[in-house]
Amino acid sequence: MTNATMTQKEIIAEMTRLRGMLQVKPARKNPARNRYLASLPVLKKALESGKLGGVVLWKGASLIDGTPIVYVANKFASDSQNEKTGAMVQTFIVPDTEKAGIECNGARPAKIVDWLEKTGAKSICGDCPHAWQQDSESGKFSKGSCYVREYQAPAAVMGAVYRDSYPIAGVDFPAAWIAGIFEGTNARFGSYGDPAAAPAAITIAAASKTRQRTGYTHGWKSAFEGFRNNAAKLAGVLMASADSAADQDLAESMGFRCFRVAPKSEDVFAGQNIVCPASKEFEQKHGKRTDCAACGLCSGATGKGAGKRSVVIAAHGGTAGKVQESTCPAAMRMLDAMAIPA
Ligand code: SF4
């Protein structure tokens, strides 16, 4: 079609289309980070020094609902201290902002709340009982009991992914480097999102050479078959988040070790479980406590926790009354209990 044959309306429409094509989007290839991709040692040094903020371990279709998600690891720098877990590499399973239509703007975190209200984070959290819950009348989802403030670290990570700040395994560097990237680190799998939403091989490779690691999944009992089957493959590296003693029995019969937050009425020292050594109750009984980076017992059925009992922690403070038959969001109650202000 030429201008000679176009109507005024068509010309305006065409100009609008071309203007849209010319709009400057954030660089899809961030040149600043490419200098760190020459070799695995160079990449690792850049991550550990904080020159490079993180990496994308995998991008693809969620094993929960098939929508595009991204698996990110960051906080490799040794000063990335979290007072509750100690210094640990953090991993995030988040939606692919562009494909999910989530707004990202410059250096700001992604605007995730609309997406959460529409989807309940199904693609990354599945049917976790602590995820966003749907109102049967409005259809809108609202915040559940999960401790994560999605608009903070997860939104910041999504913004960085959108800006192409993190090199991508299998695209920018060999996926075979994943194990080496994590070698010798203390790592936490599922700082946000469920690691079982991504192919098990990614987490298994990442966990294979860590020094200490923790990880949790609610996928072990999910109604989403692909998610559940994938979680089963991760029993060696992830703890099953158990919401009751019956849950714990079932998950253990499936080969998992469990992490369970016990209701206030339960004497956690009375059973056969390991009482989390980062907990208040542990400190009250033994006069000291530790953090996850030093403990590492939530390593699933292999690693430091291999052959050991499941872990329990008592609900505390503001959450205690809400925990009846044990409510455990892969860490919320745990972290709440560990926060320990005097
Ligand atoms: S047992 Fe407690 S301190 Fe140890 S890794 Fe698990 S949650 Fe962290």
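Okay, ground rules. It's a predicted model, so local features need pLDDT of at least 70, side-chain atom pairs count only at pLDDT 80 or more, and totals for chains, interfaces and linings use all residues. Numbering starts from 1 along each chain as its sequence is written.

The protein has 15 helices and 13 strands; those are DSSP runs numbered from the N terminus, H or I of at least four residues for helices, E of at least two for strands. Of its 342 residues, 46% count as buried. Buried here is 20 or more other C-beta atoms within 10 Å of the residue's own, exposed is 12 or fewer, partly exposed is in between, and C-beta atoms are placed from the backbone.

Now the sheet. Nine strands form an open sheet with mixed pairing, in the order β1-β2-β5-β8-β9-β10-β11-β13-β12. A pair needs at least two DSSP bridges.

What lies across β1, β2, β5 and β8? That's α7, at about 75° to β5; axes are lines fitted to C-alpha atoms, for helices over the stretch in contact, with angles from 0 to 180 degrees between N-to-C directions. Contact means C-beta atoms, placed from the backbone, within 7 Å.

On to the largest nonpolar core, which has 90 residues, with Val94 and Met158 among those with the most contacts inside it. Such a core is a set of buried Ala, Val, Leu, Ile, Met, Phe, Trp, Tyr and Cys joined through C-beta atoms within 7 Å. Helix α7 (residues 153–162) gives the largest share, six residues. Beyond neighbours within four places in sequence, Val94 touches, among others, Val72, Met158 and Tyr192.

Most residues other than glycine have a negative phi. Ala121 is in the loop between α5 (113–119) and α6 (122–125), and counts as buried because 29 other C-beta atoms lie within 10 Å.

Last, the ligand. Eleven residues surround it, the closest being Cys276, Ala278, Cys292, Cys295 and Cys298; the cut-off is a backbone-placed C-beta within 6 Å. How does that shell split by class? Nine nonpolar, two polar and no charged, where Asp, Glu, Lys and Arg are charged, Ala, Val, Leu, Ile, Met, Phe, Trp, Tyr, Cys and Pro nonpolar, and the others, including Gly, polar.

Key:
Two residues are in contact if their C-beta atoms, placed from the backbone, lie within 7 Å.
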